[in-house]
Amino acid sequence: MKRIVAGVAAALLCVATGATVPLPEGRQGLIESDAIPQKLSAFGLFPFGPEAPLVSFGYTLRTPLFSDYTDKKRFVSIPDGKQARVLADGTIDFPVGTVLIKSFGWADVNEGRPVETRLLIHRASGWVALPYIWDADGRDATLALGGRRVPVTFKSSDGTTHSIRYAVPNKNQCKECHSLNGEIVPIGPKARNFLFPAEIKRTTSIFFENPAALKPAIPVWDDPGSGSVEARARAYLDVNCAHCHNPAGSASNSGLFLRWTDDPEGVNYGIGKRPTAAGRGSGGMDFAIQPGDPAHSFLIYRLESTDPGIAMPEVGRSTVHKEGAALLRQWIAQMPKQASR
Amino acid sequence: MRVHILQRAGLLSVAMIAIAAAPAAAKTIRVSAEGADANEKLQEALILAEPGDTVELAPGTWKLTDGLSLDVANVTIRGAGVAEGGSILDFTGQQGAGEGLLVTSDDVFLTDFAVLNTKGDGIKSKGADRIVYHKLRVEWTAGPKETNGAYGIYPVESTDVLVDSVIVRGASDAGIYVGQSKNIVVRDSIATENVAGIEIENSYDADVHDNIATKNTGGILVFDLPSLPMQGGHNVRVFDNIVNDNSTPNFAPKGNIVASVPTGTGVLIMANRNVEIFDNILADNGTANVMIVGYRYEHKDPNYQPLPKAIVVRGNQHGRAGYAPKFPGGDMVAAAMGGSVPPVLWDGAGDAIVLDEVGVLSLNLPDVKTPQSEAKPAPADLSKGTPPAALPAIKLPESMEAKVK
């Protein structure tokens, strides 16, 4: 089994040369146990520091979840001799012993080192979510089961400076988004959104039983060449909202369902849908989406707020994603207006 | 009306005496509000608790910046009282999360603490079967304000729900809101200065009894709304409550269904079937003591049933009502009827039986698609006809009743 040190240069090197790095002793046993170690180093996933995990492969997403403008680095560790499988609905069935690893940081915070790393571990008892915050010296990270607010100052791509108290989610908040019928599941890696780095495309058959089924289908939200405004808006809603807004997710009771596969004409997609339990989130408006009128669509109002009584998503966002909101505004603005009801 | 309501509601101020014996392996995790990391310690306790454990909140005030959550089954969160000097979870400085406390596991018992000034909902439980809310205070301390959170106590998508001896004040939607759930008891509680005091929405099989709903916009609401995963609300009994002086001007954010509730509403039934309203004391509700209406907004849900059906109103004591009707055109109707409208108001849609010996005003709008501007208000006699068989009392699992004994 090939394994990479997934720093960018290191990854290229290892794959190019076929080098194999020996695994730390006992690592897979700990991953598959019920242990919740205080230190991330116990897992042996980062023997060379926060930038270079020792994993199966790194991946990206065509349209990622917005998390306060963090740069996210995503990796997968699949146990030796096992393979993931793409299911008929496009979700990926990772074998027990798999770890999904996601590091969050900003280029201009901590010299680009990650602030936190979240693990999603597939154990025999199911998936477990563990948040770790990197120590000040960047050598190891410490478990933060209860979550924490970390003050950070960074610039977003348009040059705006943001000073926020970034929320590292607690273990339960991880589940709020990663929940399907009350069980934890991965949400990012789906066939329709999953991209391997070019350099390891040739080797997907090592890690996947049916690599041909990995067909990225959704557009890149901020690349007009990849799809129409509507298609990109729907991709954005799928990735940023539908992990809760689906009939088995944390927002099932809202009746607002925003999966890529949901009918965008249906009332459950928000068009002409009245608030259910929105409270102040309605902003005094009647409909989640008022066609042709983003200023009277409370879906936009909630995306553009950071007040916890109003803001959507409810966790993982302390800043407004201006560019994402602008795309959704454009989508709603170009819908034909409907007679008022 | 039985007299025990006030005695039982009085329990709110009395310290709990009996504590049920816990299973041998169960442990108590004690957390205090002292120390810089008190908030993280509390959340960690809620994460590390194991089934059977109790998380015990010492007396004190936690100044919380983020929502708390519990996802472990069969855990008790027990405080040291709801009043000042008790265990207070103060969310005035909340920066994140849609509610103060979120419970997503079964068999959870919440008792004897207060949740104040959350930015969104107070305590929410979702998919949490057999949850018991007991001796809690959820309050927005500045009183009615549109900027208050929506729901105080908010169980949703659950089977077997008990809300017992709680007090909720200031919710900008409903103080006690039970949504999309089955087998529900709300009793011995006080809801005051909310938009809706107590609301049962898109739910089946509920008993709402021995509560006081006062100084809300509307006292007790039984609603069904379209385009939701669970709908077709039915089998709800509202009895032995005091529903009076619901006179607070509606302060709900527009767009929410409760923003349409007229100030001065006692009990409001919308688009449900088999609802019984009996043996309540209903008084000083300026629009109506009892209102029975269809869902009159446009909707696109072919499975939705917008009419109230098989509603029974009997044995209630009526005080003054209808002297300040806030439905459109209400003041003109009142003037034409000598200054006030009858205590029971029906929009004319669906069917209801009213055996109380008071007047009924019908707006004569049997088709919910007819605009309210075409109302032809006139007295109606709804005392004829045979009431459907009485609904059985709700029975909760014994494990739930044992917790509050």
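1. Of the 341 residues of chain A, 46% count as buried. The model is a predicted one, and this should be kept in mind for the points below.

2. Chain A holds seven helices and 15 strands. Its radius of gyration is 20 Å, close to the 20 Å given by the globule rule for 341 residues, so chain A is as compact as a globular protein of that length. Taken along the principal axes, the box filled by the C-alpha atoms of chain A is roughly 65 × 45 × 40 Å.

3. On contacts within the chain: among those in chain A between residues at least 6 apart in sequence, 54% join residues at least 24 apart.

4. Chain A contains an open sheet of seven strands with antiparallel pairing, in the order E10-E9-E8-E7-E4-E3-E15. Strand E10 (141-143) and strand E15 (194-195) of chain A are at the edges and have a single partner strand each, so one side of each has no neighbour in the sheet.

5. Within this sheet, strand E8 (residues 116-123) and strand E9 (residues 126-134) of chain A run antiparallel and are joined by eight bridges. A:His122 is found opposite A:Trp127 in E9(A).

6. The contact between the two chains involves 39 residues from chain A and 38 residues from chain B. On the side of chain A that touches chain B, strand E11 (148-155), strand E12 (161-168) and helix H3 (171-177) of chain A supply at least two residues each. H3(A) gives the most to that side, with four residues. By class, the side of chain A that touches chain B has 16 polar, twelve charged and eleven nonpolar residues.

Definitions and conventions:
Residues numbered from 1 in each chain as written. Chains lettered and ligands numbered in written order. Predicted model: local features only at pLDDT ≥ 70, side-chain atom pairs only at ≥ 80, totals over all residues. Contact = placed C-beta atoms within 7 Å. Nonpolar A, V, L, I, M, F, W, Y, C, P; charged D, E, K, R; others polar. Pairing = 2+ DSSP bridges. Rg over C-alpha atoms; globule rule 2.2 N^0.38 Å. Buried ≥ 20, exposed ≤ 12 C-beta atoms within 10 Å, placed from the backbone.
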